[in-house]
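Here are a few friendly notes to read alongside the model. Take them in any order you like.

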Amino acid sequence: MTHKKKHPWYRPRHYLHFDQPVGLKSAQSIVASPCRVSKHAFYPLISYKVTAEKVYKDPGTNNLKKKSKERPIAYAAHMDSQIYAYYSHLLSQKYENKLKDLGVTDSVLAFRSLGKSNIDFASDAFKMIKAFGECAVVALDVSGFFDNLDHAELKKQWAYLLDTNSLPDDHFAVYKSLTSFSTVDKEKLYDRLGISIHNPKNGRKRVCTPSEFRDLVRGEGLITSNPNRYGIPQGSPLSALISNIYMLGFDKRSHDFASKHNGKYYRYCDDMLFIMPLSYREEVEVKVAEEIGSVKLKINTDKTVIREFRISGERLISDKPLQYLGFTYDGESIYVRSSSLARYSDRMRRGVRLAKTTKIKRNRDKIQRGIPRKELYRKKLYSRYSHLGKRNFIRYALRAAETMGSKSIKKQIKPLWNRLIEEIEK
């Protein structure tokens, strides 16, 4: 039996941080000792921002537009990450048992080892709507989910999961590290330590020595602490699970409300979906706003969507298509969201143009050195942007079409091969 099977929480981590990478034996000596965990000094997280581009159609002009959104990411030191991973493993088992006890196993979709993907979850929801026939579907979104998790509520739900009135010392230490967390901006850190952002390792095994951390990082005020009584960092091996733990009471009450009225409730992280009899469409919004307020969160009303599905002849039709987890459903056909297709086309064009620019630069160098020029390396482009690849958007869409039995998705992606070839041959 491999170490991975014996210790599913452990995996080697080789990124740079304030401490060195940790082997299994060293990690186990800490994580398996509640006493040592309770006394462990957690390092600050190293933080940076990723920019996600959203491609969408302007409702007025129908033209494609782009909107950028920055998302903060923070990653923990090596030993800290092993502790988080270990406690994620311990708590996951208890969490799954609690879901069964509460009868809400089918309602919580994200951050669980279910062997399913967004494709399966969307497919299941659309099949449920089809089985309901006439119904109202209410989709709601929590505002700033991870950033607004209330610390007192999290502590209460964590203790509830452990069937205790208060957290044991080791669990409290882990909880405290993820609520009273501190961060160091990666760019400022690397700049102060003279580390290249493009070649940071360069023989290093850690960002700095303990004395440099004390004098240059802590001493020069690079550490920023979370001043609020709410919010947890995204990116630790435990963050996703404790967001689910936080919602235990809410999930139970939402599930019971939907079931009481012969409806269905699903939650995927901060996205909630209620499939209800038509007469309860208005009541859902009121009930969810009340319940989400009880756990110190708010609904982003700008993203609330209500769709009515009605039977017309032998067909189920909706007043407007429902968007859910990257797909749209109108009662009969399932499609990939148009914004996903637009984003693929944009990335494909930029990828092809970059490949052409790279080819021209390299061929200039080859000509100067008397080496024969090379044609555009198409194989990599095909791998990234066509059905010939193994892991890309086209393969994802084909898998969705197969799982959902959707001819509509196949029709959507059929022209994309020709568009790729046209872009390559321009």
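**Notes on a predicted model**

1. Asn392 counts as buried because its relative accessibility is 11%, under the 20% cut-off. Asn392 sits in the loop between helix 14 (378-385) and helix 15 (393-404).

2. What does the side chain of Asn392 find around it? One of its polar atoms lies 2.8 Å from the backbone oxygen of Ser386, and a polar atom of this side chain is also 2.8 Å from the backbone nitrogen of Arg395. Setting aside neighbours within four places in sequence, the contacts of Asn392 are Tyr382, Ser383, Arg384, Tyr385 and Ser386.

3. The largest nonpolar core has 63 residues, and the members touching the most others are Trp158, Leu238, Met272, Phe274 and Leu297. Helix 4 (residues 78-102) is the top contributor to this core, with 10 residues. Beyond four places in sequence, Leu238 contacts Tyr84, Tyr87, Ser88, Leu91, Trp158, Val174 and Leu178. A second, separate core of 42 residues includes Phe121, Cys135, Phe327 and Ile334.

4. Do look at the open sheet of 3 strands, ordered 10-11-12 with antiparallel pairing. Strand 10 (322-324) and strand 12 (334-336) each have a single partner strand, so one side of each lacks a neighbour in the sheet. On average, neighbouring strands are turned by 30° against each other, direction ignored.

5. Strand 10 is joined to strand 11 (residues 327-329) by 3 bridges, and Tyr324 has Phe327 as its bridge partner in strand 11. Helix 5 (residues 118-132) packs on the sheet, touching strand 10, strand 11 and strand 12, and its direction makes about 10° with that of strand 11.

Note on methods
Residues numbered from 1 in each chain as written. Predicted model: local features only at pLDDT ≥ 70, side-chain atom pairs only at ≥ 80, totals over all residues. Heavy atoms only, no water. Core = buried A, V, L, I, M, F, W, Y, C linked by side-chain atoms within 4.5 Å. Buried < 20%, exposed > 50% of the residue type's maximum accessible area, 1.4 Å probe, protein only. Helix = DSSP H or I, 4+ residues; strand = E, 2+ residues; numbered from the N terminus. Contact = heavy atoms within 4.5 Å. Polar contact = N/O pair within 3.5 Å; in protein donor to acceptor, adjacent residues only side chain to side chain. Pairing = 2+ DSSP bridges. Axes fitted to C-alpha atoms, helices over the stretch in contact; angles between N-to-C directions.
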